[in-house]
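Hello,

Here is the structure I said I would pass on.

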Amino acid sequence: MELSPPAGPIRSAHARRWLLRAAVVVGVVGLVAAVVTSGVLGRFTDQDELQATIDRAGVWGPLLFLGLMVGLVPLNVPGLLFVVPATTLFGTAGGVVLSLIGGFLASTVGIVGARRLGRDAFLARLPPRLRRLEARLCERGFWAVVALRSVTFLLQPVDWLCGLTRMPLRTVLGATFVGLVPPTLVIALTGGGLLDLVL
């Protein structure tokens with residue numbers, strides 16, 4: 001007869017996991033609050049200031065561009081702020097490549113963060129109708145995510161939504177990358193001009 005593990009250690013491990021997640025959430029919220037109140041965020045949400053800062057970085061400009069994009073877009077700084085001037089700063093090919101890499105990494109932060117911190121609690125509270133919708137999304141997930149990312153680009157709530165599904169992480173990330181290619185090309189190559197006409 002197989003003995004089940006004592007309930008005490010299981011509850012203790014569950015409590016430790018919950019405390020760790022709570023600590024991460026509090027840490028992220030504290031970091032965001034510190035960035036916003038310090039004025040650093042405002043400095044880089046001005047396109048002219050952003051371009052001047054990257055210009056001053058010289059050969060480190062591409063790495064600074066990627067670092068700022070990956071760090072700020074998940075904090076709700078619009079991805080357009082980086083993609084629009086990218087080709088001016090780094091040339092056509094360099095601007096497109098850096099925008100795509102930066103956008104994908106920024107989305108990855110949101111997707112993985114949502115999956116690690118909120119997925120279990122979110123899925124446990126899904127009403128039956130949304131459970132069925134989420135199941136269908138997982139069945140046809142790759143192209144659904146591609147279409148969604150092509151339309152919404154770097155919208156942070158879409159990152160969180162994709163991260164909270166049961167879809168395999170590699171599928172979500174692969175579809176995100178593919179879906180970001182068309183809008184990145186359009187925005188980078190037109191300098192946002194096409195979006196101005198559409199919107």
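In which helix does Leu63 lie? Leu63 belongs to helix α4, which covers residues 61-72. Please keep in mind that this is a predicted model.

Start with the surface. Leu63 counts as exposed because its relative accessible area is 54%, and exposed means over 50%. Together with Val59 and Trp60, Leu63 makes a nonpolar surface patch of about 410 Å².

Next, the interior. Nonpolar side chains in soluble globular proteins tend to be buried together. The largest nonpolar core here has 34 residues. Phe65, Met69 and Phe82 are the residues with the most contacts inside this core. At least two core residues come from each of these helices: α3 (47-56), α4, α5 (80-90), α6 (92-124), α8, α9 and α10 (169-190).

Leaving aside residues up to four places away in sequence, Met69 touches Pro74, Gly79, Phe82, Val83, Ser99, Gly102, Gly103, Ala106 and Leu154.

Last, the charges. Side chains of opposite charge can pair when their charged atoms come close. How many salt bridges does a search of the whole structure find? The search finds one. The partners are Asp159 and Arg149, and their closest N and O atoms are 2.6 Å apart. This pair links distant parts of the chain, with Asp159 in helix α9 (residues 156-164) and Arg149 in helix α8 (residues 141-152), 10 residues apart. Are these two residues buried or exposed? Both Asp159 and Arg149 are buried.

Regards

Terms used. Residues numbered from 1 in each chain as written. Predicted model: local features only at pLDDT ≥ 70, side-chain atom pairs only at ≥ 80, totals over all residues. Heavy atoms only, no water. Patch = residues over 30% accessible without salt bridge, like charges linked within 9 Å, V, L, I, M, F, W, Y side chains within 5 Å. Areas by Shrake-Rupley, 256 points an atom, 1.4 Å probe, with all protein chains shown as cover. Salt bridge = Lys/Arg side-chain N within 4 Å of Asp/Glu carboxyl O. Helix = DSSP H or I, 4+ residues; strand = E, 2+ residues; numbered from the N terminus. Buried < 20%, exposed > 50% of the residue type's maximum accessible area, 1.4 Å probe, protein only. Core = buried A, V, L, I, M, F, W, Y, C linked by side-chain atoms within 4.5 Å. Contact = heavy atoms within 4.5 Å.
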